[in-house]
Amino acid sequence: MSSIIVSAEVIVTSPSRNFVTLKVVTDDGVVGWGDATLNGRELAVASYLRDHVAPLLVGKDAEQIEDTWQYLYKGVYWRRGPVTMAAIGAVDLALWDIKGKMLNRPVYQLLGGAVRTGILTYTHATGWDIPELLDSVDAKRELGFRAVRAQSGVPGLSTVYGVHKGEPEYEPAGRGARPIEEVWDTDAYLNHAPKVFNAVREHVGPELKLLHDAHHRLTPIEAARLGKDLEDARLFWLEDVTPAENQDALKYVREHTTTPLAIGEVFNSIWDCKDIIANQLIDYIRVCPMHSGGISHTKKIYSFAELYNVKGGPHGPSDVSPLSISASLNLALATPNFGAQEFMGYAKEVSDVFEHSYTFEDGYMHPGDLPGLGVEFNEEAAKAYPYTPAYLPVARTRDGAMTNW
Ligand code: KDG
Ligand code: MG
C-alpha cells in the first residue's frame with residue numbers, strides 16, 4: 001500500500017463557531033483529518049498551513065509521522081508559538097488518522113493500546129449566583145458526570161469568565177469585528193469564591209470531583225490565598241491560578257496550599273512546561289494535543305510528566321473541534337499517567353459537520369474503535385457554515401487598565 005501525500009487542503013467552517021480543518025489525501029485515496037483551530041486567530045493558522053505547509057507535504061510519505069514532525073519543527077527555524085505548533089499539530093493528527101486507517105486500527109492501538117477502560121471526563125457548570133450554580137452542577141451530575149468544573153458570577157461584576165449568558169453551552173468568543181470588553185475585580189472574586197465552593201461541596205457531598213478555573217488572573221500571593229481558602233472544598237484541581245508564562249510563580253503558590261494545581265492550556269511545547277513539571281509545581285498538565293504539536297509531541301510531554309507524578313488533564317474546550325477531542329481521547333486511553341479530559345460538548349450543528357465515534361457514559365469517555373481518529377469531516381455539511389470573525393473578550397480592571405481575561 002502506498003502512502004504518498006497528493007494533496008493537503010485547509011477548510012474553514014463555522015457550525016456555531018469557527019473551526020479550521022486540514023484534509024490530507026494519499027495516492028491510495030486515504031483521507032486524514034486534522035484540527036487547526038486557534039480561537040480568535042483562526043485565519044493565521046489557516047494561512048500558515050495553506051501557504052507554507054501544504055506545498056511541503058505534497059510528495060512526502062504520510063507514514064513518516066515523526067520525520068514530518070521534525071521537518072516542520074526544525075525546518076521552520078522560527079520554532080514554537082501557538083500558530084506554528086497548532087499547524088504542526090494539525091498535520092500530526094491527520095497523519096495519525098491516515099496511519100490508523102491504513103492499518104485498520106484506532107490510533108490508541110498504535111500508541112501502545114488501552115491502559116484503562118474509559119477516560120474520566122469533566123464538564124462545565126455555571127451560575128450567576130450560588131443557587132443557579134447548584135442547579136447547573138446537579139444537571140451535569142444527572143447526565144452522568146463524576147467531575148464538574150464550577151464557575152460562578154461575582155457580586156458587582158456583570159460578566160465573568162466561564163459563566164454563560166443564556167446560551168445552552170458557554171461560548172466566550174463573540175461574533176463581530178472587535179472583542180467585547182469586560183470588567184474584572186480580583187478582590188470581589190477572592191472574597192466570593194470560598195463561599196461558592198463551600199456551598200457546592202456541602203450540596204454535592206464528598207464524592208463528586210470539583211474543579212475550578214481562575215483563568216490566569218491572579219498574582220502569586222493572591223493565587224496562594226485562593227488555594228488555601230478552597231482547601232476545605234477538596235478540589236480535584238485549581239486551574240490557571242497565575243498567568244502561565246511565568247513558570248516560577250507556581251513555586252510561591254505551591255508553598256502555601258495543598259489544593260492540586262493544573263496549568264498549561266496555552267502551552268505549545270515541552271519547553272514551556274519542563275520546569276514546572278520537573279520541579280513538581282503542578283499536579284496536572286493541561287496541554288491540548290493539537291495546540292502542542294499533535295499526538296506525537298504531547299505523548300513526549302506526558303511521558304516526561306510521568307517521571308514526576310504529574311498527570312495529563314488536557315484542555316478540551318468547544319473551541320477545538322471533535323478531531324482534537326478524539327486525538328486527546330486516543331492518547332489518554334494509552335497514557336498511564338492520565339487525570340481527566342475536559343469536555344464542554346458542542347452545539348448540534350458541530351456534530352453534523354464532524355461525525356464522531358467517541359462516546360460518553362457514566363462519567364467516562366471512550367474514543368471508539370473506528371480506524372484512525374474516528375472522526376469524519378462532512379465537507380458538504382460544512383459548506384452551509386461560512387467563516388465569521390469572532391474574538392475572545394478582553395478585560396480591564398475597574399480603573400480601566402488592561403488585565404488578563
Ligand atoms: O479559547 C479560550 C478557551 O479555550 C479557554 O478560555 C477555555 O480556559 C478554558 C478552559 O479551561 O476550557
Ligand atoms: Mg482553562
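In this predicted model, a polar side-chain atom of R286 lies 3.0 Å from an oxygen atom of ligand 1 (a polar contact is a pair of N or O atoms within 3.5 Å; within protein, one must be able to donate a hydrogen and the other to accept it, and residues adjacent in sequence count only if both are side-chain atoms). D213 also puts a polar side-chain atom 3.0 Å from a ligand 1 oxygen, and for E239 the distance from a side-chain N or O atom to an oxygen of ligand 1 is 2.9 Å. On its own, ligand 1 has 330 Å² of accessible area, and the protein covers 94% of that (Shrake-Rupley method, 1.4 Å probe).

As for housekeeping, residues are numbered from 1 along each chain as its sequence is written, while chains are lettered from A and ligands numbered from 1 in the order in which they are written. Local features need pLDDT of at least 70, side-chain atom pairs count only at pLDDT 80 or more, totals for chains, interfaces and linings use all residues, and side-chain values use heavy atoms, with hydrogens and water left out.

What surrounds ligand 1? There are 15 residues around it, with H215, E239, E265, D319 and E342 the closest (near means a heavy atom within 4 Å). Sorted by class, this shell has 7 charged, 4 polar and 4 nonpolar residues (Asp, Glu, Lys and Arg are charged; Ala, Val, Leu, Ile, Met, Phe, Trp, Tyr, Cys and Pro nonpolar; the others, Gly among them, polar).

Ligand 1 sits in the largest pocket, with more than half of its atoms within 2 Å of the grid points as the criterion. On a 1 Å grid over the protein atoms alone, a pocket is an open set with protein on both sides within 12 Å along at least five of seven lines, a cavity is a set of points where a 1.4 Å probe fits but cannot get out, and lining residues have an atom within 4 Å of a point. The pocket's volume is about 1000 Å³, counted as the space filled by probe spheres set on points joined across faces, edges and corners. Of its 36 lining residues, H215, H216, V266, L392 and W405 lie nearest the centre; the lining splits into 17 nonpolar, 10 polar and 9 charged.

The largest holds about 110 Å³, and among its 16 lining residues Q151, S152, V160, Y189 and H212 are closest to the centre. Helix α6 gives the largest share of that lining, 5 residues (helices are DSSP runs of H or I, at least four residues; strands are runs of E, at least two; both are numbered from the N terminus). The second largest cavity, about 30 Å³, is lined by I65, T68, W69, L72, I88, V91, D92 and L95, with α2 (65–74) and α3 (82–103) each giving two or more residues.
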